[in-house]
Amino acid sequence: MSLSHELVKASLPNKVDQIYQINIDLFTQSGVHYQEWQHEPILDFATDQRISDELGITAAPTKSLFMKLKGGGHCLLLTHRDNRLDSKLVKSLVGKRVSICSNEEMIAAIGCEPGAVCPFGLPEHITLIIDPVLYGFDEIMYTPGKPTSTFSFAGAELDSLLALLPNPQIQLPSPA
């Protein structure tokens, strides 16, 4: 492991704490009601499902795919956990080819651990791509940067949170 990677990992806890606090502030400012659960670290879908079952969490699971844009820049796709990336569709929306970032590049860019990428509290130059399927769920859940926490809120309230973010935002087209 390189020294630069060690320095990034050393600063990670502080960055994760900042992202977590930004999420709390976002809920407070928006007035959106949320629930929070504390648990063992969730860094993969299998653990996510097991913890959700153990804690009785019924919210729809989301995933946040952090991607790099060809020629520079980043974007994040917020979608349902079971949905797949349509890179051609995303390219048509952002105007550049996209690919999933390496773990090291993602940590350096946003400070989140792999498997615990948070869709809120990202640097303002990162474009958010929102899958409208999320609005149809009674509740959706995500990791607020800390892999030991899960937040849920009503899918219908997603726009209330997004409206407070400085990031450029693009909605995926609704399925036909």
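User: Before anything else, what counts as a cavity, and what makes a residue part of its lining?

Analyst: A cavity is a set of grid points where a 1.4 Å probe fits but cannot get out, and lining residues have an atom within 4 Å of a point. Keep in mind that this is a predicted model. Here, the largest cavity is lined by Thr-62, Leu-78, Pro-119, Phe-120, Ile-140, Met-141, Tyr-142 and Phe-153.

User: How many cavities of 30 Å³ or more turn up in the whole structure?

Analyst: Rolling a probe the size of a water molecule over the atoms shows where empty space is left. In this case, the search comes back with one cavity of 30 Å³ or more. The largest cavity holds about 30 Å³ of space.

User: Which element gives the most to that cavity's lining, and what classes of residue are there?

Analyst: Strand β6, residues 139-142, gives the most, with three residues. As for class, you'll find seven nonpolar residues, one polar and no charged ones around the largest cavity.

User: And pockets? How much space lies in the largest one?

Analyst: The largest pocket has about 440 Å³ of space. It is lined by 23 residues, and the closest to its centre are Phe-45, Lys-63, Ser-64, Gly-115 and Ala-116. The elements giving two or more residues to this lining are α2 (45-55), β2 (60-69), α4 (103-110) and β6.

User: Which element has the largest share of the pocket lining?

Analyst: That's β2, with six residues. Sort the pocket lining by class and you get 14 nonpolar, six polar and three charged residues.

Conventions:
Residues numbered from 1 in each chain as written. Predicted model: local features only at pLDDT ≥ 70, side-chain atom pairs only at ≥ 80, totals over all residues. Heavy atoms only, no water. 1 Å grid on protein atoms, 1.4 Å probe; cavity = no way out; pocket = protein on both sides within 12 Å on 5 of 7 lines; lining within 4 Å. Points joined across faces, edges and corners; volume = space filled by probe spheres on them. Helix = DSSP H or I, 4+ residues; strand = E, 2+ residues; numbered from the N terminus. Nonpolar A, V, L, I, M, F, W, Y, C, P; charged D, E, K, R; others polar.
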